[in-house]
Amino acid sequence: MKKLSLISVFLILSLVLVTGCEKQDSDNAVPSNPDDDSMMDDDSMMDDSTVDKTIILSAENFKFVMDGQDNPELVVNKGDRIIIEFSSTDGLHDFVIDELGVATEKVNTGDTTYFEFVADKAGSFEYYCSIGSHRANGMEGKFIVK
Ligand SMILES: [Cu+2]
C-alpha cells in the first residue's frame with residue numbers, strides 16, 4: 001500500500017512537472033508569436049514578401065491580353081500589394097495607371113518586366129499603354145480598386 005501511494009505521488013508529481021513544462025512552453029510561444037507577426041508586418045512594409053495578387057498581362061499591337069481576354073477589367077481590393085507581370089508578345093509596350101503611380105518599363109517582343117505597388121486608392125481607373133498612339137489604337141482598360 002505504501003509503495004502504491006508512493007507511485008501515485010510520483011505519478012502526480014511527474015504529471016505536474018509535465019503540465020508545468022507544457023505551460024512554460026506555451027508561455028514561451030505566446031511572446032514569440034507576436035514577434036513573428038510583427039516581423040511579417042515589417043517585411044510587408046518593405047518589398048516583395050507578401051503579395052496579395054499577381055496580375056499576368058501581355059501586350060501586342062494593339063491590345064492587352066490576360067487569359068485570352070482582350071483589355072480585361074482588372075479588379076483588386078484596396079490595400080492589396082500587387083505585382084504586375086507584364087510581357088510583350090508583339091511590339092514595344094508598357095503598362096501605366098496614372099492615379100496609382102504605376103508605370104512599367106517598356107518591353108519589346110519576348111521581354112517581361114515586373115512592377116510592384118500597393119493599390120492604396122479606391123476607385124475606377126484606366127490602364128493604358130503610353131507608347132505612341134497605342135492607347136488611341138485600343139490599348140486601354142479598366143482597373144478597379146474596391
Ligand atoms: Cu503599346
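**Entry 1: the core**

I started with the largest nonpolar core, which holds 25 residues. A nonpolar core here is a set of buried Ala, Val, Leu, Ile, Met, Phe, Trp, Tyr and Cys residues joined through side-chain atoms within 4.5 Å. For burial I used relative accessible area with a 1.4 Å probe and protein chains only: buried is under 20%, exposed is over 50%, and partly exposed is in between. Which members touch the most other members of the core? I found Phe64, Phe95, Phe117 and Phe143. Two or more residues each come from β1 (53-60), β2 (63-66), β4 (74-76), β5 (81-88), β8 (112-118), β9 (123-128) and β10 (140-145). Nonpolar side chains tend to be buried together in soluble globular proteins.

I noted the ground rules too: this is a predicted model, where local features need pLDDT of at least 70 and side-chain atom pairs count only at pLDDT 80 or more, while totals for chains, interfaces and linings use all residues. Residues are numbered from 1 along each chain as its sequence is written, and side-chain values use heavy atoms, with hydrogens and water left out.

**Entry 2: the chain as a whole**

Along the sequence the pattern reads α-β-β-β-β-β-β-β-β-β-β. The chain has 146 residues, and 29% of them count as buried.

I also looked up contacts, meaning heavy atoms within 4.5 Å. Of those between residues at least 6 apart in sequence, 60% join residues at least 24 apart. The accessible surface is about 9400 Å², and carbon and sulfur atoms account for 55% of it. That area comes from the Shrake-Rupley method with a 1.4 Å probe; for residues, only the protein chains shown count as cover.

**Entry 3: the copper site**

Which residues hold the protein donors of the copper ion? They are His93 (ND1), Cys129 (SG), His134 (ND1) and Met139 (SD), at 1.9 to 2.8 Å from the ion. Donors are N, O and S atoms within 2.8 Å of the metal (3.2 Å for Na, K and Ca); water is not among the atoms, so sites may look incomplete. In sequence the donor residues follow the spacing H-x35-C-x4-H-x4-M.

I then checked the angles. The arrangement is irregular because the four donor atoms subtend angles of 84 to 135° around the copper ion. Four donors count as tetrahedral if all angles lie between 85 and 135 degrees; four count as square planar and six as octahedral if opposite donors are over 155 degrees apart and all others between 65 and 115; anything else is irregular.

Are cysteine 129 and histidine 134 buried or exposed? Cysteine 129 is buried, at 1% relative accessibility, and histidine 134 is buried at 10%.

**Entry 4: the open sheet**

I traced an open sheet of five strands in the order β3-β2-β1-β5-β8, with mixed pairing. Two strands pair if DSSP finds at least two bridges between them. The edges are β3 (69-70) and β8, each pairing on one side only.

β1 and β5 run parallel, joined by seven bridges, and lysine 53 stands opposite isoleucine 82 in β5. β5 and β8 also have seven bridges, but pair in the antiparallel sense; there, isoleucine 84 stands opposite phenylalanine 115 in β8. β1 and β2 are antiparallel over three bridges, with glutamate 60 opposite lysine 63 in β2. A hairpin through two residues joins β1 to β2.

Phenylalanine 62 is in the loop between β1 and β2.

Aspartate 67, in the loop between β2 and β3, is not a glycine, yet has a positive phi of about 50°. Aspartate 67 counts as exposed, at 78% relative accessibility. Asparagine 71, in the loop between β3 and β4, also has a positive phi, about 40°, without being a glycine. Asparagine 71 is partly exposed at 23%.

Serine 87 sits in strand β5 and is buried at 18% relative accessibility. Beyond four places in sequence, serine 87 contacts Leu57, Ser58, Ala59, Val107, Asp111 and Thr112.

Asparagine 108 lies in the loop between β7 (102-103) and β8 and is partly exposed, at 39%. Leaving out residues up to four places away, asparagine 108 touches Ser88, Gly91 and Leu92. The C-alpha atoms of asparagine 108 and serine 88 are 5.8 Å apart, although 20 residues separate the two along the chain.

Notes: Helix = DSSP H or I, 4+ residues; strand = E, 2+ residues; numbered from the N terminus.
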